[in-house]
Amino acid sequence: MPAAPESKPLWDPISRVEQRHRSARDQTRYYNHPRWDWARRRLVRRGLIATYLVTLGALTAVGWADALRRHVPGYLTGNLWLALFVAILVEQAVLEKATRGLFRLRAGVLDERQRAVRDLGYRYGFRILAATATAITIAAVWLPVDRLLRGTSRLEWMAIAVAVVYLLWMLPTMVVAWTEPDEPALDDEGPAPATPAA
Amino acid sequence: MVGNGEQVYNRLPVLRAERGLSRHDVAAAVGVHYQTIGYLERGEYSPSLQLALKLAAYFALPVEAIFSLTPFTPLSQQLYPQPQPGTPTPKR
């Protein structure tokens, strides 16, 4: 008489560890998807950075203009600001996929080269930030900054804050996207597997 | 170049070709991203000692047979050494 198949428990919870592993695998697959290979070319990555910076500049300018008009309801800049903000989010998402999610994925799912590249992004990003902060501080000594800032309203500060936060957030990603060479071509490879390797 | 700045030469493309392996195969065996194998082959990344030893174990070869600080002599030249210009050819 054949043995009865083992009945499955009604409630089969997935352990938290397994959940974390699955989540990490899914995220790795998401950021390494071949669909975004076009964005991983160096020229495209640099173009994306330029677009991102222009959009961020426009976002700040529109926010500043809006603040100067004391946020008049129904004014055109409000909608324009929102459209530019959405564009910033989209550009960020593409840049993150262009750099294979180096700054989004946990260190445990990155290999030694990817971790080295990420460290390089943080290191150079810090240097750029330090140089900029030093330059601004030195300029503040010579320029009448106190008079310029005295009239700055809270809304104007918010427009600047948005630009600074998004710039700092994406600085290491932009450093890596700018400096990384083109990825090795797969010309000499056989067919790539259906799911990209982690 | 990511790494310690010193060029490390390797025979990975030759080994991979002679064994009919793809970058994905090698990457999966040693636990790295397949593009990392590509960067290694292009000489744009110097591997850690751990990765070098893993690759050596995978190909069942000593590390110095795969990696070197000086360029490798082409295999064709090792198998069929060409006489240097100006040196007399041996008589048969």
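1. How much area is buried between chain A and chain B, and what share of it do carbon and sulfur atoms give? The buried area, meaning the accessible area (1.4 Å probe) that two parts lose on being put together, summed over both, is about 1,800 Å² for chain A and chain B, with 51% given by carbon and sulfur atoms. On the side of chain A that touches chain B there are ten nonpolar, two polar and nine charged residues, where Ala, Val, Leu, Ile, Met, Phe, Trp, Tyr, Cys and Pro count as nonpolar, Asp, Glu, Lys and Arg as charged, and the others, Gly among them, as polar.

2. This is a predicted model, in which local features need pLDDT of at least 70 and side-chain atom pairs count only at pLDDT 80 or more, while totals for chains, interfaces and linings use all residues. Residues are numbered from 1 along each chain as its sequence is written, chains are lettered from A and ligands numbered from 1 in the order in which they are written, and side-chain values use heavy atoms, with hydrogens and water left out.

3. The contact (heavy atoms within 4.5 Å) draws 21 residues from chain A and 19 residues from chain B. Across this interface there are zero salt bridges, a salt bridge being a side-chain nitrogen of Lys or Arg within 4 Å of a carboxyl oxygen of Asp or Glu.

4. Over all chains the salt bridges number eleven. One of them joins R29(A) to D26(A), with the closest N and O atoms 3.8 Å apart; both residues belong to helix α1 (residues 16-31) of chain A and stand three residues apart, about one turn of the helix. Helices here are DSSP runs (H or I, at least four residues), numbered from the N terminus.

5. There is one cavity of 30 Å³ or more, a cavity being a set of points on a 1 Å grid over the protein atoms alone where a 1.4 Å probe fits but cannot get out, whereas a pocket is an open set with protein on both sides within 12 Å along at least five of seven lines; lining residues have an atom within 4 Å of a point. The largest cavity holds about 170 Å³ of space, and among its 16 lining residues R100(A), R113(A), E180(A), E183(A) and Y39(B) lie nearest its centre. Its lining divides into six nonpolar, five polar and five charged residues.

6. The largest pocket holds about 310 Å³ of space, and its lining has eleven nonpolar, one polar and no charged residues. Helix α6(A) gives the most to this lining, with six residues.

Note on methods:
Points joined across faces, edges and corners; volume = space filled by probe spheres on them. Helix = DSSP H or I, 4+ residues; strand = E, 2+ residues; numbered from the N terminus.
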